[in-house]
Amino acid sequence: MADIKEETKNVEAPEMEKEETPPQKTKRVASLDIFRGLTVALMVLVDDAGGEWPVIGHAPWNGCNLADFVMPFFLFIVGMAIALALKRIPEKLVAIRKVILRTLKLLFWGLLLQGGYSHAPDKLTYGVDMKRIRWCGILQRIALAYFVVAMVEISMQTSQAKVLSRERFSIFKLYYRHWVVGGCVLVVYLATLYGTYVPDWQFLVENTDSPDFGKILTVSCNVRGKLDPPCNAVGYVDRQVLGINHMYPHPAWKRSKACTKSSPHEGPFRNDAPSWCWAPFEPEGILSSISAILSTVIGVHFGHVLIHFKDHSSRLLHWIAMGVVLLLLGIILHFTNAIPLNKQLYTLSYVCVTSGAAALVFSAFYILVDIGKLRYVFMPLEWIGMNAMLVYVMAAEGIFAGFINGWYYDDPHNTLVYWIQKHVFIGVWHSKRVGTLMYVIFAEILFWAIIAGLFHWLGIYWKL
């Protein structure tokens with residue numbers, strides 16, 4: 001996803017791979033492809049198995065489960081790819097044109113896949129009421145972060161040609177504009193999050209399962225600086241700018257203890273559930289997406305380290321040290337109740353923990369693949385990473401499964417996909433939870449890894 005091409009420059013070790021545009025024969029950064037492939041695989045896993053395994057699904061509100069690492073990992077990877085890809089485009093106008101075009105492509109696919117037009121894989125229909133189109137989504141967030149960070153990178157293209165001095169923190173000084181932009185993003189985000197007054201608000205209940213279906217409910221707030229589900233500034237900004245009809249109707253907070261006794265599983269709402277449990281909320285909204293730019297800023301810094309540091313040990317020392325510091329900072333902020341970990345608000349502690357984790361995971365792949373020569377072990381993930389957009393669209397967004405479900409016998413639920421799930425996996429394991437997990441791992445992730453490997457063998461890649 002957001003498969004930006006990358007390469008390395010003046011890398012001392014021959015195993016560090018690089019990539020350029022045709023017609024030149026190029027190589028890719030294998031560890032980055034594998035990390036990207038892992039992230040896409042995790043997205044498929046948590047999306048399709050998270051319902052049966054809430055521990056890997058999104059946290060209902062505060063906290064950080066496996067699913068909550070997927071988006072920051074993508075943004076981190078995009079940042080690294082920006083540093084590696086844009087350095088080979090010397091002309092700024094050409095680079096700007098490429099960045100704008102790729103941003104528009106990301107926005108287009110984001111609206112098409114998550115705006116409500118596609119109903120795959122469960123419903124054999126398509127189309128969206130423009131009064132209710134969802135403007136925000138995963139690819140739209142990536143588009144914003146990519147555009148901002150890429151433009152800053154283009155403005156400092158000459159920095160990549162400079163020799164890094166021996167001064168401490170010279171890599172930070174060389175690319176100071178990125179950190180200035182990151183600082184401005186953080187100030188705007190925190191000032192808005194804690195300084196915005198959130199008044200009472202109303203919404204129309206459109207869930208037919210609700211006893212209040214068709215009624216207009218009021219949520220009482222009249223507060224400033226609250227980070228709870230109904231009265232935070234992130235939701236307020238989205239309601240004011242996007243409009244409540246254009247927000248995600250199934251937020252993770254519906255699985256919170258305040259809403260359902262089945263928490264963290266989905267289930268019927270409590271009789272005393274607060275009114276906001278029925279309300280929509282945009283997890284990829286405007287203010288949280290502004291904060292998400294920080295994940296890409298950190299990622300582009302790691303790409304700069306890969307370019308300027310000439311040996312494995314210096315790179316790993318910098319990456320691991322920064323990753324540990326970020327991880328500890330985020331944990332301290334969360335457990336001291338200063339700033340909670342929250343994916344839906346994209347809080348500072350969440351940025352730190354997930355970016356630190358991304359740094360350590362990438363460093364681990366770098367050690368295993370680029371130093372330990374264990375690339376063959378991770379080939380399925382590398383294949384997925386090289387065709388991330390293909391796997392994201394077909395598997396994570398269910399387009400391929402929706403296509404297969406379109407060919408049914410007698411009943412729309414009597415399809416090949418449902419038959420495989422029921423008889424090959426759930427029936428064999430005599431457990432819906434285990435069978436669903438095995439289906440996702442083998443019939444989705446491994447299947448698409450093989451397809452991506454075949455495409456790689458044929459030299460076919462879906463790039464934006």
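At what angle do α11 and helix α15 (residues 432-458) pack, and how far apart are their axes? In this predicted model, the two helices pack at an angle of about 70 degrees, with their axes 8 Å apart. Angles of 65 to 115 degrees count as roughly perpendicular, and α11 and α15 are therefore roughly perpendicular to each other.

**Packing of α11 with α15**
- The crossing in which α11 passes α15 is left-handed.
- On the α11 side the contact is made by P380, W383, I384 and M386, while α15 contributes I445, A449, A452, G453 and H456.
- Sorted by class, this contact of α11 with α15 has seven nonpolar and two polar residues, and no charged ones.

- N387 sits in the loop between α11 (379-386) and α12 (388-396).
- With a relative accessibility of 1%, N387 counts as buried, because the limit for that class is under 20%.
- The side chain of N387 reaches the backbone oxygen of I460 at 2.9 Å.

**Packing of α6 with α8**
- Helix α6 (residues 176-195) and helix α8 (residues 286-308) have axes that come within 9 Å and cross at roughly 160 degrees, which makes α6 roughly antiparallel to α8.
- α6 passes α8 in a crossing that is left-handed.
- Among the residues making the contact are W179, L186 and Y189 of α6, together with I290, L294 and H301 of α8.
- The residues of this contact of α6 with α8 divide into eleven nonpolar and six polar, with no charged residue.

Technical notes
Residues numbered from 1 in each chain as written. Predicted model: local features only at pLDDT ≥ 70, side-chain atom pairs only at ≥ 80, totals over all residues. Heavy atoms only, no water. Helix = DSSP H or I, 4+ residues; strand = E, 2+ residues; numbered from the N terminus. Buried < 20%, exposed > 50% of the residue type's maximum accessible area, 1.4 Å probe, protein only. Polar contact = N/O pair within 3.5 Å; in protein donor to acceptor, adjacent residues only side chain to side chain. Axes fitted to C-alpha atoms, helices over the stretch in contact; angles between N-to-C directions. Parallel < 35°, antiparallel > 145°, perpendicular 65-115°, else oblique. Left-handed = near helix turned anticlockwise from the far one by under 90°. Contact = heavy atoms within 4.5 Å. Nonpolar A, V, L, I, M, F, W, Y, C, P; charged D, E, K, R; others polar.
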